[in-house]
Amino acid sequence: MVISVASGKGGTGKTLVATSLVLSLNDNYKIQLLDCDVEEPNANILLHLALNQSQQVYVPIPKVDEAKCNYCGKCAEVCAYNAIAVIKEKVLVFPELCHGCGACSYLCPESAITEEGREVGIVERGNSGNLELVQGRLAIGEAMAPPVIREVKKYIDPADIVIIDVPPGTSCPVVEAVEGTDFCLLVTEPTPFGLNDLSLAVEVVRKLGIPCGVVINRVGIGGEEVERYCHREGIPILLRIPLDRNIAMLYSRGTPLIEGMPRWREEFLKLFQDIKNIIAASRVAT
Ligand code: SF4
Ligand code: SF4
């Protein structure tokens, strides 16, 4: 079972929810946490695992042999990302725009294009008992998050319970991380910004055909708009976490919520059970 934990915007408590779920379950289940928030992976600030395995992630970019090239321009025509250009008798490659799709080398009539790897990030792994953490980390200054997320997701073990910490927002990296999961938990806060970003995230998840539910964090800072929206849209609110100075203090010290306030373990176990029920009901319905 693969559960993604997403939020339309950063700073809503997504990692707090993902790590609390993991730590509530790992006494009884073999569990993986995949930190796909590759620009700022911070789940391990709360998990404190030794990451003792790592591998580089490369994107294959084209290398043109101009001795073979006839400057026909087919490579530039086929590239959807404007990552290769043919200007008179010169072929220019823009590595930071290249998605490594391979179309240019496949379609070059002169077989003038080979590929070479460009490092865009790393995947790090560590485990302790029942718990394995796999985290992606984008190279500094790099914008190409999806290849790193894809590499992290290759470690999914379908026999385990897998929790994915999704990047914030609603763009390509979010789709890459959420796609193929059994359920998406959307973490939001009860403010107008929270509602705006939640509604965008719901659109994405619905387009992907993935059942979802909501966790409202910091209940007490805003109004009832998020509650009313979820009610209107038929989206279950599965957990409410109050605005609580003690929770914020635990997080800032790197202490997991369920260790600092053990009563939350029961809440997260109930949350997991609710998610399982929703997944089972959605499978019956399809
Ligand atoms: S498709 Fe091949 S032959 Fe044509 S311009 Fe590009 S590299 Fe050169
Ligand atoms: S590999 Fe794909 S994205 Fe990169 S230059 Fe070739 S066609 Fe463009």
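Q: What makes β1 and strand β9 (residues 183–188) a pair?
A: The two strands are joined in the parallel sense by 4 bridges, and strands pair if DSSP finds at least two bridges between them. A6 stands opposite L186 in β9. Strands are DSSP runs of E with at least two residues, helices runs of H or I with at least four, both numbered from the N terminus. This is a predicted model, in which local features need pLDDT of at least 70 and side-chain atom pairs pLDDT 80 or more, while totals for chains, interfaces and linings use all residues. Residues are numbered from 1 along each chain as its sequence is written, chains are lettered from A and ligands numbered from 1 in the order in which they are written, and side-chain values use heavy atoms, leaving out hydrogens and water.

Q: Which way does β1 run relative to strand β8 (residues 161–165)?
A: β1 and β8 run parallel, joined by 4 bridges. V5 stands opposite D165 in β8.

Q: What makes β3 (53–64) and β11 edge strands?
A: The open sheet has 9 strands with mixed pairing, in the order β3-β6-β7-β2-β8-β1-β9-β10-β11. β3 and β11 each have a single partner strand, so one side of each is left without a neighbour in the sheet. Neighbouring strands of this sheet are turned by 20° against each other on average, direction ignored. Strand β10 (residues 212–219) joins β11 through 5 bridges, and the two run parallel. I216 stands opposite R240 in β11.

Q: Why are the side chains of R240 and E227 said to meet in a salt bridge?
A: Their N to O distance is 2.8 Å; a salt bridge needs a side-chain nitrogen of Lys or Arg within 4 Å of a carboxyl oxygen of Asp or Glu, so the pair qualifies. R240 in strand β11 (residues 237–242) and E227 in helix α8 (residues 225–233) are 13 residues apart, and the pair links distant parts of the chain. R240 is partly exposed at 42% relative accessibility, and E227 is partly exposed at 24%.

Q: How many salt bridges does the structure hold?
A: There are 15. One of them joins R265 and D27 at 3.5 Å, N to O. R265 lies in helix α11 (residues 264–285) and D27 in the loop between α1 and β2, so the bridge ties together parts that are 238 residues apart in sequence. R265 is partly exposed at 26% relative accessible area, whereas D27, at 57%, is exposed. R125 and E132 form another, with their closest N and O atoms 3.4 Å apart; both residues are buried. K14, D37 and D165 are linked in a network of salt bridges.

Q: How do you know whether N26 is buried or exposed?
A: N26 has a relative accessible area of 15%, so it counts as buried. N26 lies in the loop between α1 (14–25) and β2 (31–35). Beyond neighbours within four places in sequence, N26 is in contact (heavy atoms within 4.5 Å) with I31, N130 and L131.

Terms used
Buried < 20%, exposed > 50% of the residue type's maximum accessible area, 1.4 Å probe, protein only. Axes fitted to C-alpha atoms, helices over the stretch in contact; angles between N-to-C directions.
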